[in-house]
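Here's a quick briefing to read alongside the structure. Take a look at it first, then work through the points below.

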Amino acid sequence: AQTTIAISASSNTSSPVISKYIYSHFAEHLGRGIYDGFYVGDTSKIPNTNGVRNDIIAALKKMKIPSLRWPGGCFADTYHWKDGIGPKDKRPAIVNKWWGNAIEDNSFGTHDFLNMCELLGAEPYLAGNVGSGTVQELADWVQYVGSDNKNPMSDLRKANGREKPWDVKFWGVGNEAWGCGGNMTPEYYVNEFRKYSTFMTGSGKIFRVASGASDDDYHWTETLMKGIPQSLIEGIAVHHYAVNWAKKTSATNYTEAEYFTTMKSALLMDTLVTHHAAIMDKYDPKKKIALVVDEWGGWYDVEPGTNPGFLYQQNTMRDAMIAGVTLNIFNNHADRVRMANLAQCVNVLQAVILTDKQKMILTPTYHVLEMYNVHQDATLLPLTIKSDDYAFGSEKLPAVSASASRDKNGVVHISLVNIDPNHPHNLSLKLDGEKFKGLTGRILASAKVQDHNTFDQPDKIKPEVFKSASIKDGNISIALPATSVVVLTLN
Ligand code: AHR
């Protein structure tokens, strides 16, 4: 059998642009995500800028991180931003009730985060507190960070050392309002959202994201789309993790059955996005409101010996598979999915970076994000795919996933994933409409799907030159190794 892919590359196709924000990330006050992750403090021996690790900044810039969501997650609905401004020694401490009851000393606050985003060249996405906060508190935060006029909040910001406002466009109105954000019904949350959103304007362009559905809670999306006037909302969220909640697996030591289950859960994202988008189409046929998948990724058992509340997990080629197929799904739904945030950036869940004291490693997931950054703000090239199966027992999944785009210079990129751990797959790829002469490629692969980078072997898995593709008369033949991610460049 052979997998076939047909790509429409003709320049007259009207296709959406793949928003670069699909490649965004998430950093919560959770475990070692911020403290002992991004932030080591300015007295640390680890080279840093205002307390933020320089090696992390450099790596994320290279990956082209477009936007970063903060401070949660569940933490967001316990966070009172005024606790995190002003002299650090005067800031009150709180208990981080969702994540191991850790003491949060608020030493990393609004200024620290927004200045860090400037260092990263990433746009901030602030998640406001609806669960235990007030409308006034969130309205004040919007003013504090973004107002240039003379008013109490901009005066306070200036007194705290920041003269000019930051450019904060993306705002979350609570998080998981159906759960840790307040256990609300969608009908109740609609009214909360309408109230909060009304008072969040007045300091430049704003993109307000409603706390969205968990997985296939389509009633949640329908209720929000029906009940929120379009003048008050720019995005609606959805969260989906690739996980078996009934029995999570080790991050590294998993069976093929567990791998198969994880991949099934990851591929479910396509169904979820398709159905949530169809509901949105009913109320918003012009697709003004974005679907924002602001939490996604693999979720496993924590590493042995680490705090169960800190969600620290290793990252193997399985995670590269999740990242590759999920980003292909988002690319192919670029008309509606206009932001997505991988959970989470450093030391938490499906991280792109892990740290251990002064050491830092890039995970297989990092490399996928870096390889795929060629799709950021490129025009989607629609494709049809007829994939071979990856069969396990009596079940099967499509072995190959793909997406394609054309960038501003006319260069075409095709990202391909073979999730089958047992077989390479041969692909025949036909590009309709154009002749390309040059073909190059990069591949991420390893002998076993459980393989991963460690602090002792940080470069076991890294992108290599891909040589198993050839082009003849517009037809490309590819031999895609088992559990590999490939990105082709055509010009
Ligand atoms: O990403 C970890 C947690 O998962 C987030 O805090 C919450 O929003 C979700 O349930």
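How many bridges join strand β22 to strand β26, and do they run parallel or antiparallel? Six bridges link β22 (residues 425-432) and β26 (residues 475-480), and the two strands run antiparallel. Strands here are DSSP runs of E with at least two residues, helices are runs of H or I with at least four, and both are numbered from the N terminus.

Keep in mind that this is a predicted model, where local features need pLDDT of at least 70, side-chain atom pairs count only at pLDDT 80 or more, and totals for chains, interfaces and linings use all residues. Residues are numbered from 1 along each chain as its sequence is written.

**Confidence**
- The chain averages a pLDDT (the predictor's confidence in each residue, from 0 to 100) of 96, and 99% of the residues score at least 70.
- For the complex, the predictor gives an ipTM of 0.99 and a pTM of 0.97.

**The five-stranded sheet**
- β22 and β26 belong to an open sheet of five strands with mixed pairing, in the order β17-β1-β22-β26-β25; two strands pair if DSSP finds at least two bridges between them.
- At the edges sit β17 (383-386) and β25 (469-472), each pairing on one side only.
- Neighbouring strands of this sheet are turned by 15° against each other on average, direction ignored (axes are lines fitted to C-alpha atoms, and angles run from 0 to 180 degrees between N-to-C directions).
- Strands of a sheet pair through backbone hydrogen bonds.

**A loop residue**
- Ser231 is in the loop between α6 (218-227) and β11 (235-242).
- Ser231 counts as exposed because it has 7 C-beta neighbours inside 10 Å (exposed is 12 or fewer, buried is 20 or more, and partly exposed is in between, with C-beta atoms placed from the backbone).
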